[in-house]
Amino acid sequence: MIRDYIQLSTVSHTFDPSNNSYTDSDDSLLADIHRVRRYFHDVTNTIKFIPYLDWHAIEWAIREIRSTYDDDGNVLSKIQEYLTTFCLQNTMVDANAHEQQRAEWTKEREDLLTLNNQRRNQVNKLEEEVKKYENQVKTFNLGVENICSQKKDIAAEVNQNKTQEFHKQDERKRKIERYEKDLKEAEDRLLEAKTQLSKHRAPISELETKIATDDERIRNLDVFLNIDISNVHRKLNVKYGRGLLLYGPPGTGKSELLKQAAIFAGITMTTTPLAAGELNRPYVGETERLLVDIMYRANTIRYLICAMTIDEIDGLVPKRNNNAQQSKVDGISVLLSHIEGVKNIPNLIVFGATNRRNMMDEAFLRRMQAKCFVGRPSPQIRKKMLEPLLFKYLEAFTPDRVNFLIKVTTNFSGAAVGALKSSIIVAMNQRRNSDILTDKTLLELADNTAREFSCWFGIGTLPEMCRLNPNIISSSEQQEKYSLKLPDKSPSGRILVDLQNRKRFIEFNNDATDEKELNSEETSTLTLLSRFINGCSSRNIDTVQIIDMNFLTKHNAFDENQIFELLATTFD
């Protein structure tokens, strides 16, 4: 239906039947169908019964993106999780069902009140009986005390008449026996009275516990019965995330990910994806007017979720401090006021990509609820990207050569790995001789690519170091020796190499720290490269970097602020 409508509505000389976006993308068709459904629900004033986005369209969109984008860092899963919030439907509480529930709560409350009144009457009767046993306990206790007081008189009499006749001693003995008998009988009567008292108090404690529990339930029912249903409707509305920010090093495909996610999922773009530089204008107020114009386009189609995509967004929303330009501060204020601000546009979200998240305004970052780090491709991803070379050049490429390329491309971005693959294909087509493509040639191509995409390793590039020191990654024995595959152990991520004491430490979460001696040839950072590269390949680590004065000089980082920005950008 949508395809036919486009064909009928398009001028005949401009319509290109071969350019049909629905031929290869079912998710785009599903997303557009949902857009049409939103329109009809808006016209019929039933928009509240349908969510902004279709769940199936998002699932298909992520599946389609996954077919062209290799990801093992859960970036696509986080994007899907963010978009899924727009599939939630803010349903209204049914008034009839609520009234029926209120009637049930009212009846339950009345029943509990009646039952508690009966229990309280039972408690009052039982307490009267308990008083009788309490009086008995008091009486028997006084009897025991009186008998105990007689013991002192008997003891005194014994001390005074120790020298009396034998028959009087027998009399004293009988008195003591009678005293002990009377005391035992009194204590038994007291114990029996206390037992009966505890026995009659137990039902009272049980009833009081039930009364307290039901009283708490009655108080809860009072709260439920006093709930305002109109206020509940407002509080049950889902608050959607107003922004998605992808950050990470250059060349990792952040901008393309945002573009594809928006198109395939059915999000309407208020404009084509823009760079921050296109929005920053030299004249006062011009940037603000441009932003307002772009954002207010979402007001014309309030039944659709709209997005504005901004690449290098850190240039548009830098941190507001004493050194910030007033024009930038004004632009940030306008942007924030229309995203959960005083001029909020509820159906507008912002997609942003940046290499320098640490340089962005904090208030704007708080509004970007979903923040995903898009890192460099891991060894497994680089393997998937380079494996097609095995099928194109069966004689020149073997699994060992692909593994060789995986190691020398450590620190390469996805764009750099793709460029290297293209360079290899061009080189093979030009030479048409598989024997010419040696490891040295591959390292030269990788070195050129690394310099082109600024994939530095210290002051140079890793392919250059491997070319000058072939033993770094040439030995298969090193792969096993330096492997960080540790079965039945959970590394914490902290590894310490102490060159002075010639030791290596690996910290574990579930075991003691592993300590081993370094090899005799490992005397400098350069000689440790083999350990680092082979270890990272075994643990699927995507980045290794040497932080020294050469690295800082290469990036023109001399003062504290520049060093902090460089380190934050490298490791954020």
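The model is predicted, and the values below should be read as computed from it. Helix 4 (residues 75–84) takes part in two of the pairings described, packing with helix 8 (residues 254–265) and with helix 3 (residues 55–68). A further pairing joins helix 13 (residues 379–386) and helix 15 (residues 399–408), and the structure also holds 2 cavities of 30 Å³ or more.

**Helix 3 with helix 4**

- Helix 3 and helix 4 pack at an angle of about 165°, with their axes 10 Å apart; because angles over 145 degrees count as roughly antiparallel, the two helices are roughly antiparallel to each other.
- The crossing of helix 3 and helix 4 is right-handed.
- From helix 3, the residues Trp-55, Ile-58, Glu-59, Ile-62, Ile-65 and Arg-66 meet Leu-76, Ser-77, Ile-79, Gln-80, Leu-83 and Thr-84 of helix 4, and the residues of this contact divide into 7 nonpolar, 3 polar and 2 charged.

**Helix 4 with helix 8**

- The axes of helix 4 and helix 8 lie 12 Å apart, and the helices pack at an angle of about 40°, which makes helix 4 oblique to helix 8.
- Helix 4 passes helix 8 in a right-handed crossing.

**Helix 13 with helix 15**

- The axes of helix 13 and helix 15 come within 9 Å and cross at roughly 130°, and the two helices are therefore oblique to each other.
- Helix 13 passes helix 15 in a right-handed crossing, with the contact made by Pro-379, Arg-382, Lys-383 and Leu-386 of helix 13 and by Val-402, Leu-405 and Ile-406 of helix 15.
- The residues of the contact between helix 13 and helix 15 comprise 5 nonpolar, no polar and 2 charged.

**The second largest cavity**

- The second largest cavity has a volume of about 30 Å³, and its lining is formed by His-34, Arg-35, Arg-38, Tyr-52, Leu-53, Gly-266, Thr-268, Leu-304 and Ile-305.
- Helix 2 (residues 26–43) gives the most to the lining of this cavity, contributing 3 residues.
- By residue class, the lining of the second largest cavity divides into 4 nonpolar, 3 polar and 2 charged residues.

How values were computed
Residues are numbered from 1 along each chain as its sequence is written. This is a predicted model: local features need pLDDT of at least 70, side-chain atom pairs count only at pLDDT 80 or more; totals for chains, interfaces and linings use all residues. Side-chain values use heavy atoms; hydrogens and water are left out. Axes are lines fitted to C-alpha atoms, for helices over the stretch in contact, and angles run from 0 to 180 degrees between N-to-C directions. Helices (H or I, at least four residues) and strands (E, at least two) are DSSP runs, numbered from the N terminus. Angles under 35 degrees count as roughly parallel, over 145 as roughly antiparallel, 65 to 115 as roughly perpendicular and the rest as oblique. A crossing is left-handed if the near helix is turned anticlockwise from the far one by less than a right angle, and right-handed if clockwise. Contact means heavy atoms within 4.5 Å. Ala, Val, Leu, Ile, Met, Phe, Trp, Tyr, Cys and Pro count as nonpolar, Asp, Glu, Lys and Arg as charged, and the others, Gly among them, as polar. On a 1 Å grid over the protein atoms alone, a cavity is a set of points where a 1.4 Å probe fits but cannot get out, and a pocket is an open set with protein on both sides within 12 Å along at least five of seven lines; lining residues have an atom within 4 Å of a point. Grid points are joined across faces, edges and corners, and a volume is the space filled by probe spheres set on the points.
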